[in-house]
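Hello,

Here is the structure I promised to hand over. Please have a look, then read my notes below.

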Amino acid sequence: MPKHHLTRRRFIAASALASTALSAPFVRGAHAAGKLSIGLWDHWVPGANKASTDVAQAWAAKERVELTIDYIPSQGNKNLLTIAAEAQAKSGHDMLAMPTWWPHAQADLLEPCNDVMTQLIAQNGAVNGTVEYLNKAGDKWLGVPATIGSQIKGPCSRIDLMKQHAGIDVQAMYPAGAAPKADGWNMEAYLKAAEACSKANVAFGVGLGETTDSVDTAGAFFQSFGAALVDAKGELTVKTDAVRQALDYCVKVARFYPADAPAWDDGSNNRWLVSGRGALIMNPPSAWAVAKRDAPQIAAQCWTHGMPIGPRGRYAPFLPYFWNIWSFSTNKSAAKSLLVAMSQPDAVAKFVAASAGYDIPSFEKLTTLPTWAEEGPPKGTLYHYPNPHNHQTLSIAAAPAPPKIAQQIYTQATLTKMIVRHLRGEPMERTLAWAESEVEGFLRG
Amino acid sequence: MADAVLTSSSPVRRATARPGAIRRFFQRKSTIAFLMALPLILLIFGLVIYPAFYAIYLSMLRKSMTSIAWMRNCSWLPDAICTRIPFGNMQFLFTRETFWMVVYQSCLFAITAVIFKAIFGFIIAHFVHNIPAKGQRKWRGMLLIPWVIPPAMSTLAWLWLFDPSYSAFNYILSGMGFGRIPWTGDASWARFSVILVNIWVGAPFFMIMYLAALKSVPDQLYEAAEIDGANWWQRIWYVTLPMMRNIIAITALFSTIVTFANFDIVRVLTAGGPLDQTHLFATWAFRLGIEGGDIPLGASVSLFMVPILAVAAVFILRDINQRGNEA
């Protein structure tokens with residue numbers, strides 16, 4: 001039998017090997033906290049994606065997470081297709097940016113974010129009612145409201161044309177740096193201004209098509225009259241006086257919109273403003289930003305402000321994006337940590353600045369960032385864009401119907417179709433009967 | 001016989017015979033053909049057959065996708081049977097006004113577009129056929145351009161021509177003193193516009209198929225007809241058309257299927273508007289399923305065209321077979 005001698009050299013080598021092997025799992029490498037794959041909305045403001053990449057990658061470096069970011073465009077509904085595909089496959093990104101209705105549509109597949117939301121609300125203030133409506137199922141927060149992509153679609157008016165043809169000084173109504181003095185900005189004033197501008201051949205560029213800009217505007221007007229097709233309990237409320245009043249008003253004012261408004265898409269109103277053909281559109285500041293680049297003389301006359309008040313209040317269309325974590329994500333803790341990092345005030349300020357004021361955070365303490373006060377020309381044009389004085393109720397068309405029903409009313413553009421049908425001569429009761437039949441179909445489970 | 005002797009003679013030889021059998025198996029024409037077609041078979045399975053069956057499965061689910069959408073209250077069936085049929089979504093669709101409008105529009109779109117594509121394709125094929133061989137290739141290439149460009153791209157160009165506010169056509173019309181036409185804002189004009197673009201995209205396919213058919217008609221038949229005193233029209237009616245019958249039927253079938261299933265032209269040009277009056281099955285299925293989040297209902301709409309097209313395909317292919325047998 002050969003004898004084994006344990007030499008000093010051999011002992012040291014063996015000890016070193018054993019200690020390395022034992023400590024290896026506890027070494028904190030560059031990606032010690034695992035991998036995370038996220039899909040963010042591909043911003044249409046050039047350079048805006050860089051801000052989110054910087055914030056997210058800084059977090060990843062600090063937390064030692066291997067982070068992959070995909071920017072998914074909403075053109076051609078690629079983001080919706082991605083959501084639908086990942087929900088079917090139960091595989092894909094850990095976290096996805098979902099627009100408006102999609103957290104509720106996928107509620108069963110989303111990780112609750114109550115812990116994150118409690119922390120963020122304590123830090124940044126409460127979220128508005130629309131965020132709660134779209135992002136909460138029972139007691140479960142479905143995700144975190146994203147600053148990136150969230151927008152208000154209020155009026156963007158031409159200062160000169162409104163003054164000249166409608167006798168309205170929008171800057172005096174909504175002064176930069178101060179609370180609105182817009183008590184006179186009501187439905188009657190809006191109707192008269194629309195008529196005057198139409199006669200002066202600079203009609204209000206409000207669409208009556210089936211895309212979101214048209215639907216959002218119609219929704220805000222209906223809500224200003226207290227009109228809803230389905231109430232919060234899911235009961236049909238089509239044939240009510242409020243709906244009749246709202247429809248009657250919308251048709252009256254639609255006669256002063258461009259004749260081709262029923263065929264408009266989300267780009268038509270932007271082109272209407274940038275080409276100098278209209279005195280007002282309903283849009284976030286993207287149209288103004290394009291004008292700043294392509295038609296600076298028009299941009300210098302643009303002023304973003306609040307909606308007119310109706311019998312039941314002043315409602316503005318708000319379309320938030322959300323960051324949602326799939327329940328099948330393999331790194332939920334890292335995803336939640338990232339959501340907290342991307343909702344910090346300094347990160348939010350970066351996103352807002354990078355988007356030239358387009359993006360709006362949903363937390364009440366973050367609506368007075370310097371970007372909106374400073375952007376121009378004219379300086380202060382975006383001051384009232386994020387609703388800093390809570391002057392209007394932020395809402396989404398088809399609310400307060402249960403979100404899964406409201407989504408159908410919204411995507412089928414039932415409100416604008418009602419307006420166009422009645423505008424083209426269909427009797428009101430026939431239009432209401434048609435709408436009721438459509439909405440009955442949406443109620444099916 | 002020699003093989004039998006060899007295989008029974010020794011175990012060693014038996015062992016060496018097996019690779020030979022495998023080699024022979026792989027050298028068979030049928031095996032080679034199968035192996036060469038295998039990638040395509042796998043592709044068809046992955047991209048056509050599996051999704052088709054998955055779509056059928058989806059169409060049977062309720063909106064929440066957690067249970068089956070059974071039929072209910074079918075007066076023409078005993079309740080015990082009715083509530084065991086998983087076509088609740090189809091039953092629901094049949095009660096919708098918009099669904100029947102989409103059925104009407106899809107038929108109108110497909111039939112009108114195919115007829116005009118066939119007529120224009122036939123006329124253009126004749127023109128090209130009569131061009132001297134030297135310059136014909138140039139014309140053939142140019143005329144195929146609308147068919148070769150991806151329709152989503154070319155339709156975008158059409159969208160700018162038809163734009164509600166800045167239509168190039170309207171600019172020309174108003175320059176000539178005519179009024180503006182609501183190309184995509186009025187139901188009739190919007191339907192005309194989407195059909196026109198479909199004809200523009202699809203007519204070259206008919207042209208190239210008819211041109212190939214025209215070239216295969218023997219000249220002797222025309223000579224014989226001429227000797228018999230047939231005029232131009234009679235030559236077309238009694239010689240050209242009968243000789244092209246099969247290719248006309250096949251092309252029409254192909255085009256009908258593709259036109260019924262069209263998505264990109266309508267999606268880009270009108271997105272189904274105004275008031276859903278240009279929606280086809282595919283665009284409406286997308287609106288319901290993807291945009292509206294009701295995937296089962298969207299799947300049901302997209303499957304509705306399968307029986308229609310299957311019936312059309314059976315009739316047309318049977319007719320072609322019968323004529324083939326007669327020949």
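How much area is buried between chain B and chain A, and what share of that area do carbon and sulfur atoms give? Keep in mind that this is a predicted model. The buried area comes to about 2900 Å². Carbon and sulfur atoms give 44% of it. On the chain B side, B:Lys63, B:Tyr166 and B:Leu275 lose the most area to chain A. Together they make up 22% of what that side buries.

Now the contacts. Chain B puts 34 residues in contact with 32 residues of chain A. Between the two chains there are 5 salt bridges. One of the pairs in a salt bridge is A:Glu210 with B:Arg287. Their closest N and O atoms lie 3.1 Å apart. Polar contacts across the interface of chain B and chain A number 14 residue pairs, with both residues at pLDDT 80 or more.

Which elements of chain B give two or more residues to the side that touches chain A? They are α3 (29-59), α5 (88-93), α6 (97-130), α14 (281-291) and α15 (295-326). Of these, α14(B) gives the most, with 6 residues. By type, the residues on that side of chain B divide into 15 nonpolar, 8 polar and 11 charged.

Next, the cysteines. The whole structure, over all chains, has 0 disulfides. A disulfide needs the two sulfur atoms within 2.5 Å. Seen from the other end, A:Cys302 is in no disulfide either, and its nearest cysteine sulfur is that of A:Cys156. Both residues are buried: A:Cys156 has a relative accessible area of 1%, and A:Cys302 has 0%.

A:Ala406 sits in helix α18 (residues 403-411). Is A:Ala406 buried or exposed? A:Ala406 is buried, with a relative accessible area of 0%. Leaving out residues up to four places away in sequence, A:Ala406 touches A:Trp101, A:Tyr133, A:Ala398 and A:Ala401. A:Glu63 is another matter. A:Ala406 and A:Glu63 are 343 residues apart in sequence. In space, their C-alpha atoms are 40 Å apart.

Best wishes

Key. Residues numbered from 1 in each chain as written. Chains lettered and ligands numbered in written order. Predicted model: local features only at pLDDT ≥ 70, side-chain atom pairs only at ≥ 80, totals over all residues. Heavy atoms only, no water. Contact = heavy atoms within 4.5 Å. Buried area = accessible area lost by both parts, 1.4 Å probe. Salt bridge = Lys/Arg side-chain N within 4 Å of Asp/Glu carboxyl O. Polar contact = N/O pair within 3.5 Å; in protein donor to acceptor, adjacent residues only side chain to side chain. Helix = DSSP H or I, 4+ residues; strand = E, 2+ residues; numbered from the N terminus. Nonpolar A, V, L, I, M, F, W, Y, C, P; charged D, E, K, R; others polar. Buried < 20%, exposed > 50% of the residue type's maximum accessible area, 1.4 Å probe, protein only.
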